[in-house]
Amino acid sequence: MIDPIRHEQLEELQLVNLCSQILSNARNELYLNMHFLDVSLSSLGFAADTSVFCAGTDGYMIYYKPEALCKLYSRGRVYVNRMYLHMVLHCLFCHLDTKGKREEAYWNLACDIAMESIIDSFYKKCVHVSSSSFRRETYLRLKKNMEVLTAEGIYQTFVGRKLTQQQYDRLAAEFLVDDHKMWYENAPKNQVIPRQSKWKDHREKLQTEMEAMSQETSDSEEKNSLLEQVQIENRERYDYKHFLRKFAVLKEELSIDEDSFDYIYYAYGMEHYGNMPLIEPLESREVFRIQDFVIVIDTSMSCSGTLVRQFLEETYSVLSESESFFHKVNIYIIQCDDQIRSDALVTDQKQMEEYMRNFTIKGKGGTDFRPAFEYVNQMRAKGEFTKLKGLLYFTDGKGIYPVKPPSYDVAFIFIRENGGSLCQEASVPPWAIKLVLEGE
């Protein structure tokens, strides 16, 4: 007589082996049709996990519920192929690590919609399923706000619209594919950093290979959606705090300079000469920080108040960090369209908070950059600045630039909304710095 427990264990083992074959076949079929994903497709192992609702990944393994996976396979192997590819794309676009401080439900949905839009753009038999009218309409509505359907752009759209529960449930029923619970589990840093590096490397190689293929083959159009998203994800990302340090100046500040202090001599003197140290720490040190600074806000009709506030909040978050700025600063915030509309002097954090509370846009005329530079030059002539190192100009880029470069550094700042294109992004003069900040 066969032991019932042993029999049940054998059946579970057979089911796990069957599921491993199903996933292996899905990987092989995807590879045969999408050679450019070869390394990415083979980067995930398989493990049974009854706690997931069907399947999910942590960037290392695909965890699947055997019964649910078999049920999905019974609908057709194309659905397993799509789910496998869907999870690989999540890893490639670092959705596991870019969730940040976002509403979990919206972020999960946005990521799934973005990845499904890529898969739906592939007219390969191994993954193609006719899209429902609701799915097509959803893509069209989202593309009115962004050129490329990125997870970040879709998420920002949802946050702005504040979906009703009925709207969310309808979208979730259509687009949610895999289990994202592993994304939110606190993995040790020694696991997260290697995972990020691995998939970043895969993504960069993927872009290189796809760009080469698009030049050599005529069937590149169906890969455009994936390539565009890869190019967006691979864009160089700037650390705004690091960027602002370009405008720092060297100045002596009252502070203990621990770097120049030698504890050996100090301890030796205290021990051998009757509590008399041979060396004492310096009471001042030279540091690079921002002292004089100008922020100009283009208040023309083409740049929205939301964007302007977003830029100021980002700048303020850096300003409030004491290691970036001196305790006393001279920061002029100027509003200008085709003429100077207002200016405010901020000398400390308290004044910046007050300015942010009462901030309103003034102007809404055309765009001419020259008045702002002329105004700053007049202030310099009056001795308003000690060491003006730089000027940030938030704008949409459409206006009249000065021909002659100023003696200080200038950066024109753009904010990319919803992961899409800039508000009519334009080129800047060769003497200026151009910086694009993501909405996130």
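Trainee: Let's start with strand pairing. Which residue of E3 is the bridge partner of Gly 45?

Mentor: Look at Met 61, which sits across from Gly 45 as its bridge partner in E3. Two strands pair if DSSP finds at least two bridges between them, and the elements themselves are DSSP runs numbered from the N terminus: helices (H or I, at least four residues) and strands (E, at least two). Before we go on, keep in mind that this is a predicted model, in which local features need pLDDT of at least 70, side-chain atom pairs count only at pLDDT 80 or more, and totals for chains, interfaces and linings use all residues. Residues are numbered from 1 along each chain as its sequence is written, and side-chain values use heavy atoms, with hydrogens and water left out.

Trainee: Do strands E1 and E3 run parallel or antiparallel?

Mentor: Parallel: E1 (residues 45–48) is joined to E3 (residues 61–64) by four bridges. E3 also has E2 (residues 55–57), which runs antiparallel to E3 and is joined to it by three bridges. There, Thr 57 is the residue opposite Ile 62. E2 and E3 make a hairpin with three residues between them, and Gly 59 in that turn has a positive phi of about 90°.

Trainee: Which residues other than glycine have a positive phi?

Mentor: The general idea first: most residues other than glycine have a negative phi. Two exceptions here are Cys 94, with a positive phi of about 55°, and Lys 162, whose phi is also positive and near 55°. Cys 94 is in the loop between H4 and H5.

Trainee: Since you mention a cysteine, how many disulfides does the structure hold?

Mentor: Zero, taking a disulfide as a pair of cysteine sulfur atoms within 2.5 Å, so there is none to look for. Cys 91 is in no disulfide, and its nearest cysteine sulfur, in Cys 94, is 8.6 Å away.

Trainee: Which residues of helix H7 are buried?

Mentor: In H7 (residues 151–161), they are Ala 151, Glu 152, Gly 153, Ile 154, Tyr 155, Thr 157 and Phe 158. Those buried residues pack against H5, H6 (133–143) and H8.

Trainee: Now a loop residue. Is Thr 299 buried or exposed?

Mentor: Buried, with a relative accessible area of 1%. Thr 299 lies in the loop between strand E5 (284–298) and helix H13 (305–319). Its side chain reaches the backbone oxygen of Lys 362 at 2.8 Å. Contact means heavy atoms within 4.5 Å, and, leaving aside neighbours within four places in sequence, Thr 299 touches a list of residues that includes Gln 335, Asp 337, Arg 341 and Gly 363.

Trainee: And which residues does Pro 406 contact, beyond those neighbours?

Mentor: Phe 373 and Trp 431. Pro 406 is in the loop between strand E8 (388–394) and strand E9 (409–416). Phe 373 is 33 residues away in sequence, yet its C-alpha is 8.0 Å from that of Pro 406. Across the chain, among contacts between residues at least 6 apart in sequence, 71% join residues at least 24 apart.

Trainee: Last one: what volume does the second largest pocket have?

Mentor: About 480 Å³. Of its 21 lining residues, Leu 72, Arg 75, Tyr 79, Leu 176 and Val 177 are closest to the centre. On a 1 Å grid over the protein atoms alone, a pocket is an open set of points where a 1.4 Å probe fits, with protein on both sides within 12 Å along at least five of seven lines, and lining residues have an atom within 4 Å of a point. Grid points are joined across faces, edges and corners, and the volume is the space filled by probe spheres set on them. Helices H3 (66–75), H4 (77–92), H5 (104–120) and H8 (165–175) each give two or more residues to the lining, with the largest share, four residues, coming from H3.

Note on methods:
Buried means under 20% relative accessible area, exposed over 50%, partly exposed in between (1.4 Å probe, protein chains only). A polar contact is a pair of N or O atoms within 3.5 Å; within protein, one must be able to donate a hydrogen and the other to accept it, and residues adjacent in sequence count only if both atoms are side-chain atoms.
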